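Me: Hi, I'm new to this one. Could you walk me through it?

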Amino acid sequence: MHKFTYLVPRSLNEAISMHESRDGRAKYIAGGTDVLVKMKEGKLVPDCLISLKHIIAQDRPFLNTETGELFIGAFMTHRSIERSSLVQHRYPILHDAVRNIGSVQIRNVATIGGNLVNAVPSADGAIPLIALDGKAHIYGPKGYRLVDLARFFLGPGQCDIQGAEILTEIIIPRLAPRTGGAYIKHGRREAMELPMLGVGVLLSIEPDLATCAEARICLGVAAPTPFRAREAEKYLVGKPVTEDTLSEAGRIAAGESRVRDSIRGVAWYRREMVGVLVKRMGLLALERAKGSNE
Amino acid sequence: MARDITFTFNGHRMAARVEDYWTLLHFIREELGYTGTKEGCGGGECGACTVIVDGAAVNSCLYLAVELDGRSLVTIEGLAAADGTLHPLQKAFVDHGGIQCGFCSPGMILSAKALFDENPNASDEDIKAAIAGNLCRCTGYVQIIDSIKSVRREVEEGPRVVAWRGDDTER
């Protein structure tokens with residue numbers, strides 16, 4: 001592997017000034033499970049790696065009980081999110097996604113922020129965070145800015161991070177009452193693969209426990225970036241959530257998809273499975289919405 | 001650039017000078033000379049390089065040696081007792097046919113140890129999830145899972161384990 005210097009800043013400002021002073025020859029590294037792989041493959045050859053692991057930051061998801069916002073530190077490992085009982089009980093759509101990323105060994109070091117910034121179309125963590133209307137909190141030389149995660153991904157491997165900026169946390173707004181969500185990572189294997197298709201559905205239902213008040217249908221690997229199937233979402237709002245309406249929503253979402261043939265699956269099958277899995281996840285989301293104690 | 005680190009290695013405090021660009025795998029095998037940890041793929045996909053750092057199973061091929069500073073490391077060599085008595089997991093793998101060529105075994109055993117140390121009552125599904133990142137080309141996994149399951153009750157009673165929690169480490 002290419003030889004490099006490893007720098008360990010203790011604050012965001014220190015990290016940014018280290019990055020800026022090296023004029024593009026430095027790369028941030030968090031868990032390292034993407035960066036080191038790319039370096040071993042010769043795809044990245046920075047002179048210097050700037051570690052983000054030792055910046056004092058929150059190490060567990062934090063729920064602000066007044067505003068209802070959930071804060072997820074970007075440097076948190078997938079494993080710590082997987083094991084958070086707060087996430088498991090209140091945001092199971094996110095738990096569904098992180099528990100199947102890589103392996104235990106990978107999840108123990110790989111960070112949620114690193115996965116988002118790596119910006120592959122298949123990023124499991126991204127789908128539920130978009131469905132939850134998450135915002136990326138980014139800090140850079142010019143200060144802070146917030147970006148809707150739905151707009152954060154610009155293309156395969158590209159996201160809205162400029163220069164020395166650092167993604168610091170994801171902020172999830174207060175959940176509407178009676179909200180439930182579910183995510184499925186569809187593929188051929190039980191573990192250790194990128195998904196062929198990722199489908200996340202989040203539903204908020206009316207007090208009658210049947211009518212859809214709000215819907216989020218997010219897809220991964222169905223387009224160059226994770227995206228929301230907005231026509232399918234609009235279709236569901238105001239309708240009772242049933243197998244029939246979910247099948248129709250799935251059909252509409254499949255139509256909105258821009259699937260392609262790739263090494264992990266073919267387009268026609270992916271399109272077919274969008275329909276199947278939107279319905280399946282929609283039914284699970286409905287059950288969870290009914291069961292949520294808000 | 002090289003720097004000095006201190007860490008515990010299989011329960012023993014150690015200090016070393018490491019290069020920034022060394023992986024933990026390189027450090028363990030080439031610098032410390034402990035070859036029980038294997039390189040299978042170098043890319044975090046096979047788990048042959050699995051070690052336990054601060055109680056967590058990690059792929060040492062994707063972990064930088066410098067990040068070991070202030071932490072505890074357990075490799076397969078740390079499991080058997082000083083007099084050579086095998087750890088219950090090691091013995092189980094021997095008894096239940098969980099070892100054929102042996103290349104995946106250190107990683108498999110450490111993944112199982114990390115699981116039981118955190119959750120002695122791990123379910124069958126938990127066990128499969130714990131070794132999902134460890135590939136075996138010989139056994140077909142059944143004997144490996146049986147080996148791990150057979151230890152489950154034993155762990156509840158308290159096995160002979162080389163102390164690794166390192167309460168004496170400084171951070």
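Me: Let's start in chain B. Where is Y34(B)?
Reply: Y34(B) is in the loop between α1 (24-31) and β3 (50-53) of chain B. Helices (H or I, at least four residues) and strands (E, at least two) are DSSP runs, numbered from the N terminus. This is a predicted model, where local features need pLDDT of at least 70, side-chain atom pairs count only at pLDDT 80 or more, and totals for chains, interfaces and linings use all residues. Residues are numbered from 1 along each chain as its sequence is written, while chains are lettered from A and ligands numbered from 1 in the order in which they are written.

Me: OK, and why does Y34(B) count as partly exposed?
Reply: Because Y34(B) has 18 C-beta neighbours inside 10 Å. A residue is buried if 20 or more other C-beta atoms lie within 10 Å of its own, exposed if 12 or fewer, and partly exposed in between, with C-beta atoms placed from the backbone.

Me: Which residues is Y34(B) in contact with, leaving aside neighbours within four places in sequence?
Reply: Y34(B) is in contact with I28(B), R29(B), T75(B) and E77(B). Contact here means that the C-beta atoms, placed from the backbone, lie within 7 Å. Y34(B) and T75(B) are 41 residues apart in sequence, yet 8.4 Å apart in space, C-alpha to C-alpha.

Me: How many residues does each chain put into the contact between A and B?
Reply: Chain A gives 20 residues and chain B gives 22 residues. On the chain A side, β1, α2 (35-40) and α6 (104-107) each supply at least two residues. By class, that side has 10 nonpolar, 7 polar and 3 charged residues. For the classes, Ala, Val, Leu, Ile, Met, Phe, Trp, Tyr, Cys and Pro count as nonpolar, Asp, Glu, Lys and Arg as charged, and the others, Gly among them, as polar.

Me: You mentioned β1. What is the strand order in the open sheet of 3 strands?
Reply: The order is β1-β3-β2 in chain A, with parallel pairing. Strands pair if DSSP finds at least two bridges between them. The edge strands are β1 (5-7) and β2 (26-29), and each pairs on one side only. From one strand to the next, the twist averages 25°. β2(A) and β3(A) (residues 48-51) are joined in the parallel sense over 4 bridges, and K27(A) has L49(A) in β3(A) as its bridge partner.

Me: New topic. Why is strand β13 of chain A called largely enclosed?
Reply: 7 of the 9 residues of β13(A) (residues 212-220) are buried, so the rest of the structure largely encloses this strand.

Me: How many bridges join β12(A) to β13(A)?
Reply: There are 8 bridges, and the two strands run antiparallel. V199(A) has L219(A) in β13(A) as its bridge partner. The hairpin of β12(A) and β13(A) has 6 residues between the strands, and L209(A) there takes a positive phi near 60°.

Me: What about β13(A) and β14(A)?
Reply: 2 bridges join β13(A) to β14(A) (residues 227-228), and these run antiparallel. C218(A) is partnered by R228(A) in β14(A). This hairpin also has 6 residues between its strands, with V221(A) in the turn at a positive phi of about 65°.

Me: Which residues have the most contacts inside the largest nonpolar core?
Reply: V199(A), L203(A), A253(A), V274(A), V278(A) and M281(A), in a core of 141 residues. The largest share, 9 residues, comes from α11(A). A nonpolar core is a set of buried Ala, Val, Leu, Ile, Met, Phe, Trp, Tyr and Cys residues joined through C-beta atoms within 7 Å.

Me: What does A253(A) touch?
Reply: Not counting residues up to four places away in sequence, A253(A) touches I217(A), L219(A), A229(A), A232(A), V274(A) and V278(A).

Me: And at what angle do α10(A) and α11(A) pack?
Reply: Helix α10(A) (residues 243-256) and helix α11(A) (residues 267-291) pack at about 145°, with their axes 8 Å apart. Axes are lines fitted to C-alpha atoms, for helices over the stretch in contact, and angles run from 0 to 180 degrees between N-to-C directions. Among the residues that meet there are A253(A) from α10(A) and V274(A) and V278(A) from α11(A). By class, this contact has 8 nonpolar, 4 polar and 4 charged residues.

Terms used: Contact = placed C-beta atoms within 7 Å.
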